[in-house]
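Biologist: I have not looked at this one before. Walk me through it, please, starting wherever you like.

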Amino acid sequence: KQLMYKISLLNDELANVRIYRKSVAQRQKKDLDLSLDMLEKNIYSSTSRTFEESNVRDEEVKRIRTFIQKARSVKPKGQIVISSIKDLADLKLEDEDTVVIAKNNRIVNIVGQVNFPNTFSIKKNTSLKQALKWTGGLSDTADADKIFVLNNNGFVTHVTNTDFILPNNSTVFVMKKIDSKLFLMAKDIVEVVYKIALSSSVILTP
């Protein structure tokens, strides 16, 4: 509330505020590194029963090791999830917090497994179905059941109906379909992919 007063921030502008905290980013990074350590341990501890399976696993291990290397370089943003406008106004700021006040532009950023990822301007009632058409549709590697929308306040919505109305200043994540036959560690990989997407707004897949 004190900051709002200092910078003459209006109540109707609070919906466009994002707060990033260094300690939150550090916790996200630590959590991600622990998941990557476990994934790395698992790929070396599993065994192959046949020669053909061994060849598949060798190729799999190479791809996962490259994925892990890239994932370790990801830097989480440390966004604080705001449950309500009142909670935001009453939030006590800490040293080195970053407060971002987004412009009140109606835009949506679509990333992941679509043919032409991009940032688009939207109208008040633009649906996910309409926005996906602008990207040229889902790619062949997309998992249509795994589409998530990151709201400006940090909350994530799993969208199961493409008639979903997109909120302003949001990001749509279209996740990649992970072949469980190809990746023995598919569950662990999906967990890491989600953590990276939600903490850094980056889609990274093997």
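**Contacts first**

Modeller: Leu39 touches Ile64, Phe67, Ile68, Met185, Asp188 and Ile189, leaving aside residues up to four places away in sequence. A contact here means heavy atoms within 4.5 Å. This is a predicted model, in which local features need pLDDT of at least 70, side-chain atom pairs count only at pLDDT 80 or more, and totals for chains, interfaces and linings use all residues. Residues are numbered from 1 along each chain as its sequence is written, and side-chain values use heavy atoms, with hydrogens and water left out.

Biologist: Which helix is Leu39 in?

Modeller: Leu39 lies in helix H2, residues 22–45. Helices (H or I, at least four residues) and strands (E, at least two) are DSSP runs, numbered from the N terminus.

Biologist: Is Leu39 buried or exposed?

Modeller: Leu39 counts as buried because its relative accessibility is 0%. Buried means under 20% relative accessible area, exposed over 50%, and partly exposed in between, with a 1.4 Å probe and protein chains only.

Biologist: Back up a bit. How many helices and strands are there?

Modeller: The protein has 6 helices and 7 strands. From the N terminus on, the order is α-β-α-α-α-β-β-β-α-β-β-β-α. Of its 206 residues, 39% count as buried.

Biologist: Which residues touch the most other members of the largest nonpolar core?

Modeller: Leu39, Phe67, Phe173, Ile189 and Ile196 do, in a core of 24 residues. Such a core is a set of buried Ala, Val, Leu, Ile, Met, Phe, Trp, Tyr and Cys residues joined through side-chain atoms within 4.5 Å. At least two residues each come from H2, helix H3 (51–72), S5, S7 and H6. H6 gives the most, with 6 residues. A second, separate core has 15 residues, including Val108, Leu128, Ile147 and Leu166.

Biologist: Why would those side chains end up together?

Modeller: In soluble globular proteins, nonpolar side chains tend to be buried together.

Biologist: What does Phe173 touch?

Modeller: Its contacts are Val111, Lys146, Ile147, Phe148, Leu150, Ala197, Ser201, Val202 and Ile203, again not counting residues up to four places away in sequence.

Biologist: Now strand S7. How many of its residues are buried?

Modeller: S7 (residues 170–176) is mostly covered, with 6 of 7 residues buried.

Biologist: And which strands pair with S7?

Modeller: Strand S3 (residues 107–112) runs parallel to S7, joined by 5 bridges. Strand S5 (residues 142–150) is antiparallel to S7, also over 5 bridges. Two strands pair if DSSP finds at least two bridges between them. Val172 in S7 is the bridge partner of Ile110, and Val149 stands opposite Val172 as well.

Biologist: What about S5 and S6?

Modeller: They pair in the antiparallel sense over 4 bridges, and Ile147 has Val159 in S6 as its bridge partner. Their hairpin has 5 residues between the strands, and Gly154 there takes a positive phi near 100 degrees.

Biologist: Which residues other than glycine have a positive phi?

Modeller: Asn169 is one of them, with phi near 55 degrees. Asn169 sits in the loop between strand S6 (156–159) and S7, and is buried at 7% relative accessible area. Ser201 is another, near 60 degrees. Ser201 is in the segment after H6 and counts as partly exposed, at 23% relative accessibility.

Biologist: Last topic, the largest pocket. What is its volume?

Modeller: About 380 Å³. On a 1 Å grid over the protein atoms alone, a pocket is an open set of points where a 1.4 Å probe fits, with protein on both sides within 12 Å along at least five of seven lines; lining residues have an atom within 4 Å of a point. Grid points are joined across faces, edges and corners, and the volume is the space filled by probe spheres set on the points.

Biologist: Which residues lie nearest its centre?

Modeller: Arg18, Gln79, Leu150, Leu198 and Ser201, out of 24 lining residues. The elements giving two or more residues to the lining are strand S1 (17–20), S3, S7 and helix H6 (186–200). H6 has the largest share, 4 residues.
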